[in-house]
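Student: I have just opened this one and would like to talk it through. Can we start with the overall picture and then go to single residues?

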Amino acid sequence: MKQLLLILVFSLGIFSARSQDTTYTKKVDSLTQLAYQYLYTVKDSAFYYFDEISKLARQEEDWKSLLETGISVNRIAGYHYDLEKMRVNIAAMDTLFTQKSSYFEALPDYHFYQNSLLYDKGAYYFEVDNLKRSRDFFEQLISNTENPSDTLFLAEQNDLLSTAYSFMAKMYANESKYDLAKQYYNRNIRLISEVKPDDLSSLHINYSLLAEVFSNEGAYARSNDYFTRALNYYLQNNGNTNTKVSIAQNIIKNHLNLSQPDSAQHYLSLMRQQLPENHPFWNRYYAIEGDFYAKKADRTTAEQSLKQSLELYQLKWQDKKHEEVALAHNKFGLLFLEADEPEEA
């Protein structure tokens, strides 16, 4: 999940560099600025500069800076889906935290670092589909942060708590435990409303996630209540194209399931308007357009749309085997099956 974004992106001010050693401080500052240039673009370059900071911090026995650097590397690895880097680095940070436990436990921000590592472990095990271990770490994180013993880094702790709620909800949704998924999304919505009332973007992301659960349950009208609320926000606030298109696609699906073709057509037109030329989501547009015309029993137009969708998916994956290509073929199968052509299906 891209909620593995860099929750803990630190500045030089958080480093525990020795104030009297200005050479060390200047080196760390310079390397940090270089690393920041590549956080979201060239992961290997970001890793290189953070590794250089780690070497300096270890030489200086600056354990706090070493841990902070390692946590940031975890977040960058998560963002770029480099799970092996995540695994190795989490193990190294866990060892450091254990070996220097007396040092870290004496820090006023000890609980923040403890919870940050719990987050990294939970996120890693989620990505490698070990949901039991992932849930264990997130449950511990939630227990630690729902009623914090101190207020230091409270905003960051709330960010960790919010993301933990999202992971828990997603895991339960994936397991079709929809009531539990809705409980966690609603807890997250309440948390954001209480502690970050101005963070409307995060709030509407959670509306969308909750809407997905309702859709999976077959509560399509309820789902669209949340999806349209989120879409209207992103339309009014110049939201990300991918987000707007994805939400519109889900709204169309719900209207088709509710046998509301006029409403589906409205959002189909809106979805098309949001897509720039050559955008990678045209494959999604033609797929849902095919579903729309299939629902209207316009088989010829449905076939044309699905053909365009399939060709774009094949182009995307360069004729390699992939689930998205398989699903595009499956849509053709369903279309022929509906037309009572089992052999073609």
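Student: How many of the contacts in the protein between residues at least 6 apart in sequence join residues at least 24 apart?
Tutor: Among those contacts, 59% join residues at least 24 apart, where contact means heavy atoms within 4.5 Å. This is a predicted model, in which local features need pLDDT of at least 70 and side-chain atom pairs count only at pLDDT 80 or more, while totals for chains, interfaces and linings use all residues. Residues are numbered from 1 along each chain as its sequence is written, and side-chain values use heavy atoms, with hydrogens and water left out.

Student: What pLDDT does the protein average?
Tutor: The average is 89, and 94% of the residues score at least 70; pLDDT is the predictor's confidence in each residue, from 0 to 100. Over residues 1-20, however, pLDDT stays under 50, although the model has 67 contacts beyond four places in sequence for that stretch. Where pLDDT is low, the predicted coordinates should not be read in detail.

Student: And how many helices and strands are there?
Tutor: The protein has 16 helices and zero strands, counting DSSP runs numbered from the N terminus, with helices being H or I of at least four residues and strands E of at least two. The C-alpha trace spans about 80 × 40 × 35 Å along its principal axes. Of the 345 residues, 46% are buried, and here buried means under 20% relative accessible area, exposed over 50% and partly exposed in between, with a 1.4 Å probe and protein chains only.

Student: How do α10 and α11 run relative to each other, parallel or antiparallel?
Tutor: Helix α10 (residues 200-217) and helix α11 (residues 220-236) have axes that come within 8 Å and cross at roughly 155°, so the two are roughly antiparallel. Axes are lines fitted to C-alpha atoms, for helices over the stretch in contact, and angles run from 0 to 180 degrees between N-to-C directions. Angles under 35 degrees count as roughly parallel, over 145 as roughly antiparallel, 65 to 115 as roughly perpendicular and the rest as oblique. Residues that meet there include L200, H204 and F214 in α10 and Y220, F227 and Y234 in α11.

Student: What about α11 and α12, at what angle do they pack?
Tutor: They pack at an angle of about 155°, with their axes 9 Å apart, and α11 and α12 are therefore roughly antiparallel to each other. Among the residues making the contact are Y220, F227 and Y234 of α11 and I247, I251 and H255 of α12.

Student: Changing topic: is N188 buried or exposed?
Tutor: N188, which lies in helix α9 (residues 178-195), is buried, because its relative accessible area is 0%. Leaving out residues up to four places away in sequence, N188 touches S162, Y165, S166 and N206. With N206 there is a side-chain to side-chain polar contact at 2.9 Å, a polar contact being a pair of N or O atoms within 3.5 Å; within protein, one must be able to donate a hydrogen and the other to accept it, and residues adjacent in sequence count only if both atoms are side-chain atoms.
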